[in-house]
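Please look over the following single-chain model before using its coordinates.

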Amino acid sequence: MFKDLLFLSVAAIIVYFSVGFYKKIHFGTELNYQQLFNGSPLPMYVMTKDTLQFLAVNDAMVKLYGFTEAEFLRMTAFDIRPSEERGRVKAFLDEFGELTNDSGRWLHQKKNGDCFFVQITFHYIPLIEKGAYLVMITDIDKSINDEKKISDLLHLYETVNRATNDVIWDYNIVTDELTWMQGYFETYGYTKESSANSFWAMQKIHPDDRDYVQEEFKRVLDHKRKDWSAEYRYICADGTVKYIRDRGYVIFSPAGEPVRMIGALQDIDKQKKFEQQLLSQNEQLKEIAWIHSHQVRRPLSNILGLIALIKGSEVENEELRQLIDLLAVSSRELDDAVILINREAMEGTA
């Protein structure tokens, strides 16, 4: 009997301390989870499965949405969404609530009425009576707005392309990837499949211009220059050649290394051919001016010689001598004008 009582006493003591130890561990675990929940930099909340009533919110949730903790506990998850989003939430949870942890992008609303986009990750908690969800919020509004700005800029670039025939290109120096914006394939006749080749090979640049362009581009990167500009001939898909003006701006990493270049390819073929036509016409005009000046000067020289002979003879009529003098002055002025025209034509200033 004594041994049995002793055994029961020892067993009771062991059970007592075991239960106390378990409660202590359990309390410590709960405390740790509570600290993790409250101290998380990401907004988090717990809501019931059936009514979506808030059961708990952390400090980051209060800071992001502007409601107090007391206000949150009187609200449901519908109250932090615009009215048009609420039906979608219920339908999603009914269909996928226990099948996935990621619900994608949603539009939420702060206490002041501002709407913003969030990414939601949630976990079903079956241990709580009737079930509940632990929800974690990621504010992606800035990312969405940045994407919209980029999309607007690309649309603006495409509009500029259509208005100016400029083709915007984006070259990733690190990965050696070249991306053409809208207008390239229409302007130069290539398809997306046929346009792919090594950027540095520059196979579509005319062979007579290729070495110069490669060296110039390499010089920009080696010297870490901000700007790039070159004019060269570009071979189209049908074999024809166009003159283009290529300009770019280099983007550098925080370490100061060139990592990207944004540029524009401008079709200047008509302008270049017009310049060549003007140069050709200018050469022809110079030749015509030289020929005409010599043709005019030859008879003019004869006139000057005749005037000199007349003045050397005895002319008694005073009025006639004055007329001869005036004729000599006018002839010399005309000769000087012809010489000037000839010189300017030869110097290319006419």
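Which residue takes a positive phi in the hairpin of strand 1 and strand 2? It is Leu 52, with a phi near 60°, and the hairpin has five residues between the strands. The model is a predicted one, in which local features need a pLDDT of at least 70 and side-chain atom pairs count only at pLDDT 80 or more, while totals for chains, interfaces and linings use all residues. Residues are numbered from 1 along each chain as its sequence is written, and side-chain values use heavy atoms, with hydrogens and water left out.

**Overall make-up**

- The chain has nine helices and 10 strands, where helices (H or I, at least four residues) and strands (E, at least two) are DSSP runs numbered from the N terminus.
- Of its 350 residues, 29% count as buried; buried means under 20% relative accessible area, exposed over 50%, and partly exposed in between, with a 1.4 Å probe and protein chains only.
- The accessible surface of the chain, from the Shrake-Rupley method with a 1.4 Å probe and, for residues, only the protein chains shown as cover, comes to about 23200 Å², and 58% of that belongs to carbon and sulfur atoms.
- Among contacts in the chain with a separation of 6 or more, 45% are made by residues 24 or more positions apart, a contact being heavy atoms within 4.5 Å.

**Strand 1 and its partners**

- Strand 1 (residues 44-48) pairs with strand 5 (residues 132-139) in the antiparallel sense over five bridges, and two strands count as paired if DSSP finds at least two bridges between them.
- Within that pairing, Met 44 stands opposite Met 136, and Val 46 stands opposite Leu 134.
- Strand 1 is also joined to strand 2 (residues 54-57) by three bridges, again in antiparallel fashion, with Met 47 having Phe 54 as its bridge partner.
- Strand 5 is joined in turn to strand 4 (residues 115-125) by eight bridges, and these two strands run antiparallel; here Val 135 is the bridge partner of Phe 122.
- In a regular strand the side chains alternate between the two faces of the sheet.
- In strand 1, Met 44, Val 46 and Thr 48 point one way and Tyr 45 and Met 47 the other way, and all are buried, in keeping with a strand that is mostly covered, five of its five residues being buried.

**The loop that holds Phe 78**

- Phe 78 is found in the loop between helix 3 and helix 4 (83-96), and counts as partly exposed because its relative accessible area is 21%.
- Not counting residues up to four places away in sequence, Phe 78 touches Leu 52, Arg 86, Val 89 and Lys 90.
- Phe 78 and Thr 51 are 27 residues apart along the chain, and their C-alpha atoms are separated by 9.5 Å.

- The 16 residues of helix 7 (residues 207-222) should span 22 Å at 1.5 Å a residue, and the end C-alpha atoms are 23 Å apart, which agrees; the expected span is 1.5 Å times one less than the number of residues.
- The buried residues of helix 7 are Asp 209, Val 213, Glu 216, Phe 217, Val 220 and Leu 221.
- Seen down the axis of helix 7, these buried residues fall within an arc of 135°, so they line one face of the helix, the arc being that of the directions from the helix axis to the C-beta atoms.
- They pack against strand 6 (166-172), strand 8 (227-235), strand 9 (241-252) and strand 10 (258-267), whereas the face of helix 7 turned away from its buried side carries the exposed residues Asp 211 and Asp 222.
- Helix 7 is followed by Lys 224, whose phi is positive, near 55°.
- Gly 256, in the loop between strand 9 and strand 10, is 32 residues from Lys 224 in sequence and 8.4 Å from it in space, C-alpha to C-alpha.

**Confidence**

- The chain averages a pLDDT of 77, with 70% of the residues scoring at least 70, pLDDT being the predictor's confidence in each residue, from 0 to 100.
- Among the elements of the chain, helix 1 (residues 2-39) has the lowest mean pLDDT (53), and helix 3 (residues 69-72) has the highest (94).
- Where pLDDT is low, the predicted coordinates should not be read in detail.
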